[in-house]
Amino acid sequence: MHTQAARRQASHPLASSEDVAAAASVARAHGRIGIDTEFMSEGRYRALLCLVQIAVDDDSDGGAPHISLIDPLEGGVDATAIAQLLADPAIEVVLHAGRQDVAILRRAWATEITNIFDTQLAAGFAGASAQTGYGNLLGTMLGRRVGKTASYTRWDARPLTAEQLSYAAEDVAHLLELADEVQRRLTETGRLGWAQEECRRLESGTDERDPYTAWERLPRIGQLDPRARAVARELAAWRERTASDEDRPVGSVLGDPALVELAKRHPSNLGALEQIRGIHPSGIRRRGNAILGAIAAGMKADTIPRDEARGRSEPEDAPLIVLAEALLRARSLEAGLAYELIASRNELELIVAAARRGESEPDVRTLEGWRSELVGADLRDLLAGRKAISVGPDRRLVLGDA
């Protein structure tokens with residue numbers, strides 16, 4: 001069902017510069033703003049910001065928020081007042097699953113975003129799954145339902161339809177109310193500070209990529225010798241720059257399999273280039289010399305040695321990893337928060353591998369901040385053999401002296 005706020009918004013035009021300034025003034029007075037975005041990433045190097053929805057507290061409408069829809073593609077709307085709010089640490093910025101929203105807004109509006117409260121992330125500290133969707137969270141916490149009829153539409157097409165406007169407005173219509181409920185529950189359990197600490201990690205979100213680290217994400221890169229790895233780095237960097245300049249997906253410039261094969265064989269002329277699968281003749285005509293230039297640069301660059309064994313887990317680490325995971329899962333259940341917030345499998349592998357080798361602790365989130373407070377000391381004791389896990393009379397895991 002559409003909310004009253006969403007129905008009202010669907011029948012009104014998109015926000016003007018004056019509307020945006022007025023909404024920013026209200027948000028500043030109340031100390032918070034709810035925000036969401038619609039964007040298009042298909043066929044582009046960077047996602048295109050297509051619509052920004054904001055919700056501010058409105059004391060004049062029975063508690064329903066005032067919603068403004070800002071079109072960054074048309075109308076010449078000045079969103080400076082909102083961008084300044086996002087960067088103000090005195091203003092709470094409420095989002096849901098906002099990692100990508102933060103990255104896009106930081107780039108598109110050239111602003112920092114501080115004092116974030118992400119309702120999806122924070123709800124993980126209140127017993128919800130770390131990936132609970134907005135609609136599901138509204139249902140379980142507020143007993144509300146929202147429609148999702150226009151989620152996969154062309155947000156870059158103009159004019160936007162009434163259905164799209166209604167959908168967009170609905171995405172923020174209950175966002176502030178949801179934040180209030182999540183914060184209420186976290187305050188009762190003493191976990192609000194933990195959630196706020198975790199939300200601060202979102203502030204540095206970016207969708208900009210370093211061209212010279214792009215090669216590290218290539219498939220089968222570990223199979224390449226040191227010289228081929230240097231060539232792969234130059235090719236991947238060239239591909240990133242080209243895709244960025246032309247605003248197109250990197251795969252449309254040069255596919256991963258072809259890039260890895262080029263790095264392995266490092267051809268030195270167009271004739272040899274034509275023998276590589278996955279490169280269309282038109283691509284060779286258009287980009288052949290640039291590809292050969294990147295390969296030549298890689299052949300002249302310092303080689304990149306294969307990764308050393310440091311930090312990598314061994315088969316004999318598997319039982320310890322499972323044991324550590326059991327401890328962390330037990331603690332997450334006791335604390336009433338989502339296990340995914342505490343550690344990833346890769347983080348546990350790094351921790352166990354470092355403990356086995358007697359190396360310094362890895363720089364991972366599991367051993368920092370609130371996570372260290374929750375499990376850090378016990379995890380260290382367990383891996384050092386000072387503590388042991390047993391099954392208690394209530395069939396729960398118990399950590400005691402070894």
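Modeller: Let's start with a rule: rings of Phe, Tyr and Trp, the last taken by its six-membered ring, count as a pair if their centres lie within 6.5 Å. Keep in mind that we are reading a predicted model.

Colleague: How many aromatic pairs does that rule give here?

Modeller: It gives 3 aromatic pairs. Ring pairs join Phe125, Trp194 and Trp370 into a cluster.

Colleague: How do I read the geometry of a pair such as Phe125 and Trp370?

Modeller: Look at the angle between the planes: under 30 degrees is stacked, over 60 is edge-to-face, and anything else is tilted. For Phe125 and Trp370 the planes are 70 degrees apart and the centres 4.8 Å apart, an edge-to-face pair. Phe125 sits in the loop between helix H5 (119-123) and helix H6 (134-142), while Trp370 belongs to helix H17 (residues 369-384), so this pair ties together parts 245 residues apart in sequence.

Colleague: Are Phe125 and Trp370 buried or exposed?

Modeller: Both of them are buried.

Colleague: And what kind of pair do Trp155 and Tyr167 make?

Modeller: Their planes stand at 35 degrees, with the ring centres 5.8 Å apart, so this pair is tilted. Trp155 lies in the loop between H6 and helix H7 (162-173), and Tyr167 in helix H7, 12 residues apart. To judge burial, compare the relative accessible area with the 20% cut-off. Trp155 has 2% and is therefore buried; Tyr167, at 6%, counts as buried too.

Colleague: Which charged residue sits over the ring of Trp194?

Modeller: That is Arg191, whose charged end is 4.3 Å from the ring centre. You can find another case at Tyr339, where Arg329 lies over the face, 4.0 Å from the ring centre.

Colleague: Trp194 is in helix H9 (residues 192-199); which residues of this helix are buried?

Modeller: They are Leu192, Trp194, Ala195, Glu198 and Cys199. In H9 they fall within an arc of 160 degrees, so they line one face of the helix. What they pack against is S5, H5, H8 and H17.

Colleague: S5 is a strand, then. In what order do the strands of its sheet run?

Modeller: The order is S3-S2-S1-S4-S5, an open sheet of 5 strands with mixed pairing. An edge strand pairs on one side only, as strand S3 (66-70) and strand S5 (116-118) do here. On average, neighbouring strands are turned by 25 degrees against each other, direction ignored.

Colleague: In which sense do strand S4 (residues 92-95) and S5 pair?

Modeller: They pair in the parallel sense, over 3 bridges, and Val94 stands opposite Phe117 in S5. Helix H8 (residues 175-189) lies across strand S1 (32-40), strand S2 (48-56), S4 and S5, running at about 120 degrees to S1.

Colleague: How do strand S6 (residues 387-391) and strand S7 (residues 397-401) run?

Modeller: They run antiparallel, joined by 5 bridges; for example, Ser390 has Val398 in S7 as its bridge partner. S6 and S7 form a hairpin with 5 residues between them, and Arg395 in the turn has a positive phi of about 65 degrees.

Colleague: To step back, how many helices and strands are in the chain?

Modeller: There are 17 helices and 7 strands. Of the 402 residues, 46% are buried. The C-alpha trace spans about 70 × 65 × 35 Å along its principal axes.

How values were computed:
Residues numbered from 1 in each chain as written. Predicted model: local features only at pLDDT ≥ 70, side-chain atom pairs only at ≥ 80, totals over all residues. Heavy atoms only, no water. Pairing = 2+ DSSP bridges. Helix = DSSP H or I, 4+ residues; strand = E, 2+ residues; numbered from the N terminus. Axes fitted to C-alpha atoms, helices over the stretch in contact; angles between N-to-C directions. Contact = heavy atoms within 4.5 Å. Buried < 20%, exposed > 50% of the residue type's maximum accessible area, 1.4 Å probe, protein only. Lys NZ or Arg CZ within 6 Å of the ring centre and 35° of its normal. Arc of directions from axis to C-beta.
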